[in-house]
Each structure stands twice: as C-alpha cells, then as structure tokens.
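Please look over the model below. My notes follow as numbered points.

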Amino acid sequence: MPVYNQPVKLPVQIQSFDEYQEVYAHSVSKPENFWAEQADTFYWRKRWDKTLEWNFTDPDVKWFQGGKLNITENCLDRHLAERGDQAAIVFEPNEPGDPVITLSYRELHAEVCKTANALHELGIGKGDRVCFYMPMVPELAISVLACARIGAIHSVVFAGFSAQALADRVNDADCKMIICSDYNKRGAKNIPVKQVVDEAMAIGCSTIETVLVHKNTGGDITWDPSYDLWYHEQVDHQSSECEAEAMDAEDVLFILYTSGSTGKPKGIVHTCGGYMLYTAFSFLNVFQYQPGDVYWCTADIGWITGHSYILYGPLLCGATSMMFEGVPTYPDAGRFWQICEKHKVNQFYTAPTAIRALMAKGDEHVEKYDLSDLKVIGSVGEPINEEAWEWYKEKVGRNVVPIVDTWWQTETGGMMISGLGNYSPQKATFAGYPLPGIQPCLVGKESIKENKGNPAEGLLCVKFPWPSMLRTTWGDHERCKNTYFSTVPGMYFTGDGARRDENGMYRIVGRVDDVINVSGHRMGTAEVENAIDEHSRVVESAVVGYPHDIKGQGIYAYVIMGPGSHDLDLIKQEIIAVVRKEIGPIAKPDKIQFVDALPKTRSGKIMRRILRKVAANELENLGDTSTLLNPEAVESIIAGRDI
C-alpha cells in the first residue's frame with residue numbers, strides 16, 4: 001500500500017475580501033492554472049495529463065484526464081500520520097441519553113476497510129452500483145466510503161421515500177445490492193426501513209443479489225434467506241486493511257437522484273477527481289474551518305448536502321464532522337442548540353425550513369443554551385427569507401456570527417454562491433458572491449444590462465465548467481443535454497431565476513421550471529401529479545408550489561374528479577395516502593382544491609403560471625387569460641380556492 005509520509009496540504013483558504021477578489025480574478029482569467037494548483041494539494045497515484053477539456057453543446061466535460069486517485073485515500077489514509085487519533089465523525093444519537101459514538105480517523109479507516117472487504121467478498125467490484133436506504137447512522141458513512149474504496153458506485157436514496165420510489169431508483173441504476181437498516185429511529189418513532197425495502201423487492205428489483213441489513217434497533221423484520229444478510233455478520237470478522245482501487249479522475253463516484261419536471265427521477269452522475277477537489281475547496285473556504293473545530297451539518301446523507309458537506313468535504317480537509325440521527329424538535333425544540341452546546345460546535349449548517357420551524361416554537365428554546373463556540377452558521381436547500389435570516393442572526397448567531405447563505409444544487413456538486421465566513425459582506429436574502437472558479441451570468445430580456453456595476457435580473461446560468469459539475473444523467477445523456485444545456489445554448493442553465501445588485505451580490509428568486517422546493521427537497525410537479533392520478537376517481541390533476549411559512553414552498557393540488565357524487569374529505573385523505581405510498585410523506589399535498597376544469601392553452605397545455613398565482617393568492621395580475629381555451633375556468637378556480 002502507498003506510504004503517506006508527506007505533510008497534508010489543503011487548497012488555498014481565503015483570509016480577507018481583498019484576497020477573495022484577487023483569487024477570484026485569477027480563477028476566472030486562468031481557470032485551468034488555478035484548479036491545477038488546488039488539485040496539486042491532494043494525493044494522486046498518477047498526476048493528470050490534461051487539466052480540462054470541455055464543451056457545453058454535447059455536453060462533454062472532463063477534468064484531470066489521465067489522473068489516478070482514490071478519494072478515500074485523501075479522506076482517510078493521508079490523515080493517519082498527523083491526525084490518526086483525532087475525531088473524524090461524531091455521532092449524536094436520536095435519544096439524548098444514548099451514548100455518543102466517536103470514530104477517530106484511524107478507527108474510521110479500519111471500519112471502511114473492513115466493510116470494503118465484506119463488499120468484495122459479496123461480489124461487489126469496480127463499477128457495480130450499490131443502493132443505500134438507511135438512517136443517519138455511522139454505518140451509512142462507513143459503507144458509502146467503503147464503496148468508494150473499491151470503486152463501486154454508491155446511490156443513496158433518502159430513507160423517507162416510498163417503496164415504489166426506491167424500486168424506480170434501484171432499477172434505473174441496475175443496482176446489485178441494497179444496504180439498509182431494520183428500523184430508523186426518528187424522534188418518537190421507529191420507522192420500518194427494511195419493510196419498505198421488502199415492498200420494493202416485491203414490486204420488482206431484478207438486479208438485486210443481496211440486501212445487507214444493519215441491526216439498528218433489533219426490532220422484528222421479515223427475512224428472506226435468498227438475499228437478506230446481516231451487516232455485522234459480514235463485516236465484523238474482516239481485515240482492517242484494504243488497498244484502495246485506483247480510479248481515473250473521470251470514473252463515476254456516485255449517482256444521486258433528483259426530481260425533474262417529468263415524472264422519472266434523474267440520476268445525477270458525479271466523478272472522482274473534480275468532485276473531490278471542489279467539495280474540499282468550498283468546505284474550507286465557506287466555513288473557514290480551522291484545525292480542532294467541530295463542524296455540524298444537519299442534513300441527511302440521502303441528499304447532496306450530506307454527501308458533500310457531512311462526508312467528503314470535511315473528511316478531505318481532516319475535519320471533525322458530526323452526524324445526527326434525530327430531528328430538531330425531539331424531545332423538544334431546543335435539541336439543535338443543546339447539541340451545539342454539548343459538543344462546542346463551531347460551524348453549524350442547516351436548512352431554512354428547520355430555522356423557520358424552530359423560530360415558530362419560541363425563542364426560549366434557543367436562548368437558554370450557550371452558543372458562544374459558534375464561528376459560522378450556514379443555510380442550505382432554498383433561499384432563506386429575511387425574517388428567518390434576522391432571527392437566525394440574532395438568536396443563534398447572537399448578532400456576531402456570520403451567516404453563509406449557500407446557493408447550489410445536486411447537479412453542481414458543491415456550493416456555488418455564498419459568503420466566506422467572516423470574509424465577505426452579508427445581506428439578508430442575498431446568497432452573496434460566486435466562489436472562485438464559478439462564472440455565473442444572468443440571461444434575460446435585452447434591456448437587462450450585464451455590465452459590471454449594473455443591477456440585473458434573469459435566468460441564472462454558468463458559462464464555464466467547474467470541477468464538481470454533473471457529467472451526465474445516468475443512462476440518458478440526451479436528458480442531461482435537454483435539461484441543463486439547451487435552454488440557453490453554450491451555458492449551464494440552473495433552472496433558477498436570480499437578481500444581482502449593483503455590488504455584484506446574487507439573490508436567488510426561485511425555480512422557473514415545474515419543480516417545487518419543499519423544505520429543501522426538490523420534487524417534480526409531474527411526479528406528484530402522476531401519483532395523484534393513480535387514484536381511481538381522479539380524472540386529471542395539476543400541482544404547483546405556493547409560499548409556505550415553514551416549508552418555504554408547499555404543494556397545492558388542483559384535482560378534477562370523475563362523474564358522480566364524492567365524499568371529498570375522504571377523497572382528500574385517499575389522495576394523500578396514494579402520494580405517500582407512491583413517493584413518500586414529503587410529497588403529500590398541503591392543499592387540495594377540487595375543480596371542474598383546469599385552464600389550458602388551445603394546444604392543451606395547462607397554464608401553471610396562473611395556477612401558481614391563484615395558489616399564492618396573487619390575483620391582481622393574472623396576465624392575459626383571453627387566449628385560453630377555457631378562460632371561464634380561472635374565475636371558477638379563484639372562487640373555490642383553498643386559502
């Protein structure tokens with residue numbers, strides 16, 4: 001095995017706004033030189049031959065071609081000499097009284113190697129896909145890293161999705177194995193995770209050979225000896241040494257599914273080299289992490305935030321990263337702040353949904369805790385509204401801790417627009433400035449000026465590649481092209497609208513396509529509509545997002561029923577049950593309005609723009625409805641709206 005006897009180097013860490021401006025200018029004038037300098041700080045089995053080759057037409061983006069590496073050697077092995085006994089992962093369990101689990105870098109390395117050896121023994125090798133459906137427990141982090149260790153491609157599915165949604169993702173990626181738990185402890189509930197996997201297998205997951213089950217609670221589960229195996233029985237006896245597979249920089253590291261405007265989820269593909277570099281670089285700079293700090297991201301590893309900023313980014317930088325199994329309101333609404341005090345957390349990263357929910361519970365839950373160790377507090381998942389921003393700043397940050405309001409996506413792999421700890425200006429509702437190497441632009445009406453110093457508004461695009469960007473959508477490159485590179489030719493289109501102020505700071509104003517952002521979870525309207533339409537009495541439905549005090553966006557469903565009389569209260573309950581079954585609880589409609597007709601163009605397209613305005617109670621300017629096939633439907637919908 002390689003010997004790591006060199007001091008650990010890290011990418012540049014910006015220390016002032018003036019330095020940010022200098023580094024940013026260098027990064028966009030000579031991007032290949034800039035990223036090569038940063039990449040040289042990592043351990044490569046073989047240095048790359050070509051830094052960048054790209055076009056946004058096909059699209060085709062390759063970073064560090066010919067370079068050989070393994071991301072886990074950079075996350076684990078290279079840290080052992082300097083910080084082998086330092087905490088790598090600190091696990092805070094669901095129940096406040098249960099023991100905390102701390103894994104040092106040496107212990108985490110050993111557990112990853114043991115699990116990697118077990119996966120090898122079970123027939124998993126380079127390029128095989130492994131699906132995860134697990135709670136936030138150390139075994140999830142360990143086994144994800146074990147996949148990366150042996151070159152298997154991990155595909156983590158949030159353990160709140162339905163059996164159908166799980167089966168869809170397993171089958172799209174042709175996964176060979178599912179790793180799950182028996183139950184998921186979440187607040188006062190024990191959620192039957194293995195049962196959902198069993199249901200998915202019954203639906204049909206023909207490529208699955210093994211279901212590896214982690215005993216999380218020891219509760220009763222159904223067992224099929226033809227494919228079920230206990231995680232601990234396969235792992236515990238293995239060797240704690242496992243040589244890492246040499247991967248090409250452009251080999252696939254993982255697939256992560258995100259909802260699109262059509263019903264079928266998109267498998268976003270990220271590769272080894274560029275993703276490694278950018279997650280480390282962005283983590284180091286946005287959170288201004290220093291050796292000895294305790295960093296906590298409250299996300300689930302089922303989402304990109306957990307991939308990039310619980311696992312890979314922090315571990316690449318030799319950080320101490322916390323994992324939390326529970327929810328922010330159990331046993332009471334002070335749980336986050338109790339954990340921050342207990343572990344002396346220095347960087348805290350959560351979602352606006354959580355901030356708004358805790359704000360609604362009352363200030364007393366946060367004011368009684370000592371949060372003086374906090375250095376940076378962050379927001380992720382959706383734009384944070386001003387009221388929540390001010391509360392977060394005053395009550396959690398005590399008016400001295402900077403807020404980093406980070407904008408990025410599953411597709412971008414890492415944070416794109418954000419503050420940098422204390423070293424950049426802050427402005428409520430504005431994400432801030434682009435990180436070095438990121439070249440955003442606004443595309444809109446001809447009257448909008450793109451010149452520096454002029455405010456602008458338009459479609460948020462990126463005109464030059466960055467290392468951690470998606471490479472394709474799994475098994476369907478044409479979909480990647482059509483979704484991200486066709487709206488504005490020659491650019492990556494984010495799907496968001498944005499404004500830029502006279503100082504160059506960006507504010508994200510929301511989605512411009514048929515995707516809803518509920519509590520930071522993106523869902524395609526078509527996916528929810530397809531589930532609603534499964535109800536035997538539903539003729540047609542249309543789903544839009546609307547402003548929601550807690551979730552950011554709620555789901556508003558307009559539903560046309562078939563002929564006959566209906567118990568509408570019962571139908572509502574049944575529709576919610578169908579959506580929960582087909583997608584999961586996060587997709588259930590907050591409001592359901594039964595309508596006689598939906599406003600449509602003469603070509604038959606539903607005018608969701610009008611439905612969004614009605615759902616938001618913005619009735620002053622609905623636009624021209626005279627060209628609709630059935631303008632009378634709009635008045636009927638307004639009269640019956642659920643407000």
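**Notes on the predicted model**

1. Helix α10 is followed by Gln 288, whose phi is positive, near 50 degrees. Helices (H or I, at least four residues) and strands (E, at least two) are DSSP runs, numbered from the N terminus. This is a predicted model: local features need pLDDT of at least 70, side-chain atom pairs count only at pLDDT 80 or more, and totals for chains, interfaces and linings use all residues. Residues are numbered from 1 along each chain as its sequence is written, and side-chain values use heavy atoms, with hydrogens and water left out.

2. Now α10 itself. The helix covers residues 272-286, 15 residues in total. From first C-alpha to last, α10 reaches 21 Å, close to the 21 Å expected at 1.5 Å a residue. The expected span is 1.5 Å times one less than the number of residues. Buried means under 20% relative accessible area, exposed over 50%, partly exposed in between (1.4 Å probe, protein chains only). Of the 15 residues of α10, 15 are buried, so the helix is largely enclosed by the rest of the structure.

3. How do α10 and α11 pack? Helix α11 spans residues 304-316, and its axis lies 8 Å from that of α10, at an angle of about 90 degrees. Axes are lines fitted to C-alpha atoms, for helices over the stretch in contact, and angles run from 0 to 180 degrees between N-to-C directions. The two helices, α10 and α11, are therefore roughly perpendicular to each other; that label covers 65 to 115 degrees, with under 35 roughly parallel, over 145 roughly antiparallel and the rest oblique. On the α10 side, the residues that meet α11 are Tyr 275, Met 276, Thr 279, Ala 280, Ser 282 and Phe 283. Their counterparts in α11 include His 307, Tyr 312 and Leu 316. Contact here means heavy atoms within 4.5 Å.

4. The largest nonpolar core has 119 residues. Its largest share, 10 residues, comes from α10. A nonpolar core is a set of buried Ala, Val, Leu, Ile, Met, Phe, Trp, Tyr and Cys residues joined through side-chain atoms within 4.5 Å. Leu 108 and Tyr 312 have the most contacts inside this core.

5. Thr 258 sits in strand β14 (residues 252-258). At 5% relative accessibility, Thr 258 counts as buried. Beyond four places in sequence, Thr 258 touches Pro 265, Lys 266, Ile 268, Thr 410, Glu 411, Tyr 484 and Arg 522. Ala 118 lies in helix α5 (residues 105-121) and is buried, with a relative accessible area of 2%. Leaving aside neighbours within four places in sequence, Ala 118 is in contact with Gln 234, Val 235 and Gln 238.

6. Which strands make up the open sheet of four? The order is β23-β24-β26-β27, with antiparallel pairing. The edge strands are β23 (440-443) and β27 (506-511), each pairing on one side only. Twist averages 45 degrees from one strand to the next. Strands pair if DSSP finds at least two bridges between them. Strand β26 (residues 492-500) and β27 pair over five bridges, and Asp 496 stands opposite Arg 511 in β27.

7. Next, the hairpin. Strands β1 (residues 50-55) and β2 (residues 60-65) pair in the antiparallel sense over five bridges, with four residues between them. Asn 55 has Asp 60 in β2 as its bridge partner. Pro 59 lies in the loop between β1 and β2. A cis peptide bond joins Asp 58 and Pro 59, with omega about -10 degrees.

8. Backbone points to check. Most residues other than glycine have a negative phi, and most peptide bonds are trans. Pro 331 is in the loop between β17 (320-324) and α12 (335-343). Asn 399 has a positive phi of about 65 degrees and is partly exposed, with a relative accessible area of 47%. Asn 617 has a positive phi of about 60 degrees and is partly exposed at 37%.
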